[in-house]
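Dear colleague,

Please find below the structure I promised to pass on to you. My findings follow directly after it.

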Amino acid sequence: MRIAIIGFGAAAIGIMERLKESQQEIHVFEKSADIYSSSISGIRADGKLFVSSEMGGDITIDTALQRKLVDYYINFTEKKNVETGTSFGSSRFYKVFYDRGFLPVTSEFFHIGTDQLKEVLFNIYTHLSGVKNIHFHFNSTVSSIKIEKEGVLLNGTEHFDMAVVTVGRSGHKLINRLIEDYPYLVKNNTKVDLGIRFELPNHIVEELNHEMYEFKVKYKSRTGYMVRTFCNNPSGFVVTENYDDFTTVNGHAKLHEKSSNTNFAILASLILTEPFNDPIGYGSNIAKLSNLLAGEGKVILQTYSHFKESKRTKNLYRVSPTLAADKFILGDINLAYPRRIIESIIDFIENLNTVIPGVANNDNLVYAPEIKFYSNRLNNLANPFIKFAGDCSGATRSIIYATAHGYMMGEAILNNNFSTLES
Ligand SMILES: Cc1cc2nc3c(=O)[nH]c(=O)nc-3n(C[C@H](O)[C@H](O)[C@H](O)COP(=O)(O)OP(=O)(O)OC[C@H]3O[C@@H](n4cnc5c(N)ncnc54)[C@H](O)[C@@H]3O)c2cc1C
């Protein structure tokens, strides 16, 4: 069988690993010019790997498979040197957080770091491109897939027996087009996470960072929204992320270069109901409104006390931002965000302060917009010739889950049974 894999990211790696010794002829189409060219993806920045049954996606993935894939990535580092730890494994913090109404999320983590990720990706590429049934095509954007009677047609020219779409979040144009042409491929999604990036001096969260590096907690705020921490970066850096028509904030950490601040996201999850059906449009418009206030390509930065009081920040005090000065404007996030989101975040921070005193200091930093989109959930049982793996399928949102989903896709192709991908 001739199979096209669209996109060379985490999910594609999983598929190829499972199919590399099979009889399938695999062609990988990647829009970037080479493996180094950046697309927005955690497989090219940061590289925190998690083993958890509580986060990473909306499917069940066996922890033994998750561990196997973590080892797979670590084996491609030259020094086999990664930071590692557990989140709430045997930590005394579990009980402290629990007692204050938080739901601690347990996981093991392994941090490769942006600098080391490049060599990992290069080594994986070298390994896979040496396999005789795998063929890479860079500089190859797939902009259309037509489903035919016996297979698919890519870009109106090339026929394959099957296409597995693994374009991640950056491939939303192709996904939107497919959904438009074949609406039966979609299961509806109405969820979006809206929030902020919070930055504070390392010493405030030192004990927590020391104990578990990545602390993840959820909390049902008094507004009724579930709020959670996401992507904690001890000694890390805040960065902006440029999408086609708006800019958001994010954070990362490096293995060698360290800052004196810790940053993490605080996100409120909105699940809206009918007739609402456009969570991406809703989140994008809030991002655009924030950018309108901050100036094109910039995000808003505010001190925590001003965020609470809805006053524009004009000066900072003790905490120096790690985001470059030309990437933000001091302002008031309240002018762009709905009140219910702001109240949920404030409630979360005030409660967190009862566990970690100093978190609610007046001069800690709040950046916006930070938004996490959930892709539409796509149906792998709807058509025999087109399949979806990784983040673009809506089933995953982490490197390990996406790689595992890809691996399971490989398995499903071999067994011609795709029902395991829908659990
Ligand atoms: C800044 C950032 C940091 C992150 N950090 C982490 C982290 O530390 N840990 C973690 O677990 N997760 C992290 N994530 C999430 C993680 O990157 C994703 O969950 C994971 O990479 C998804 O894998 P994927 O294969 O579905 O997509 P991706 O890894 O995004 O790969 C998709 C590939 O498809 C290509 N592509 C897109 N459209 C087309 C097209 N039309 N034609 C051809 N090629 C196309 C893209 O160029 C890309 O190479 C992060 C995400 C971001 C944005």
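**Overall architecture**

Of the 423 residues in the chain, 59% are buried. Please bear in mind that this is a predicted model. The secondary structure comprises 10 helices and 23 strands. For 423 residues the globule rule gives a radius of gyration of 22 Å, and the chain's own value of 22 Å is close to this, so the chain is as compact as a globular protein of that length. Along the principal axes, the C-alpha atoms occupy a box of roughly 60 × 50 × 40 Å. Among contacts with a separation of 6 or more, 76% are between residues 24 or more positions apart.

**The parallel sheet**

An open sheet is built from 5 strands in the order S7-S2-S1-S11-S23, with parallel pairing. At its edges lie strand S7 (134-137) and strand S23 (386-388), each of which pairs on one side only. On average, neighbouring strands of this sheet are turned by 20° against each other, direction ignored. Within the sheet, strand S1 (residues 2-6) and strand S2 (residues 25-29) run parallel and are joined by 5 bridges. One of the residues concerned is Ile 3, whose bridge partner in S2 is Ile 26.

Helix H1 spans residues 10-19; 9 of its 10 residues are buried, so the helix is largely enclosed by the rest of the structure. The buried residues of H1 include Ile 13, Ile 15, Met 16 and Leu 19, and Glu 17 is also among them.

Strand S3 (residues 48-51) is covered on both faces. Lys 48 and Phe 50 lie on one side, Leu 49 and Val 51 on the other, and all of these are buried. In a regular strand, side chains alternate between the two faces of the sheet. S3 pairs with strand S6 (residues 107-111) in the antiparallel sense, over 4 bridges. In this pairing, the bridge partner of Lys 48 in S6 is His 111.

**Two buried positions**

Thr 247 belongs to strand S17 (residues 247-252). Its relative accessibility is 5%, and Thr 247 therefore counts as buried, the cut-off being under 20%. The side chain of Thr 247 makes a polar contact of 2.9 Å with the side chain of Asn 242. Leaving aside neighbours within four places in sequence, the residues in contact with Thr 247 include Thr 240, Glu 241, Asn 291, Lys 298, Val 299 and Pro 369.

Ile 333 is located in the loop between strand S20 (328-330) and helix H9 (339-355). Is this residue buried or exposed? With a relative accessible area of 1%, Ile 333 is buried. Beyond its neighbours within four places in sequence, Ile 333 is in contact with Ile 300, Gln 302, Phe 307, Ile 342, Val 366, Tyr 367 and Ala 368. Ile 175 lies 158 residues from Ile 333 in sequence, and the C-alpha atoms of the two are 32 Å apart in space.

**Cysteines**

How many disulfides does a search of the whole structure find? The search returns 0. Cys 231 is buried, with a relative accessible area of 12%. Cys 392 is likewise buried, with a relative accessible area of 2%.

With kind regards

Terms used:
Residues numbered from 1 in each chain as written. Predicted model: local features only at pLDDT ≥ 70, side-chain atom pairs only at ≥ 80, totals over all residues. Heavy atoms only, no water. Pairing = 2+ DSSP bridges. Axes fitted to C-alpha atoms, helices over the stretch in contact; angles between N-to-C directions. Disulfide = S-S within 2.5 Å. Buried < 20%, exposed > 50% of the residue type's maximum accessible area, 1.4 Å probe, protein only. Polar contact = N/O pair within 3.5 Å; in protein donor to acceptor, adjacent residues only side chain to side chain. Contact = heavy atoms within 4.5 Å. Rg over C-alpha atoms; globule rule 2.2 N^0.38 Å.
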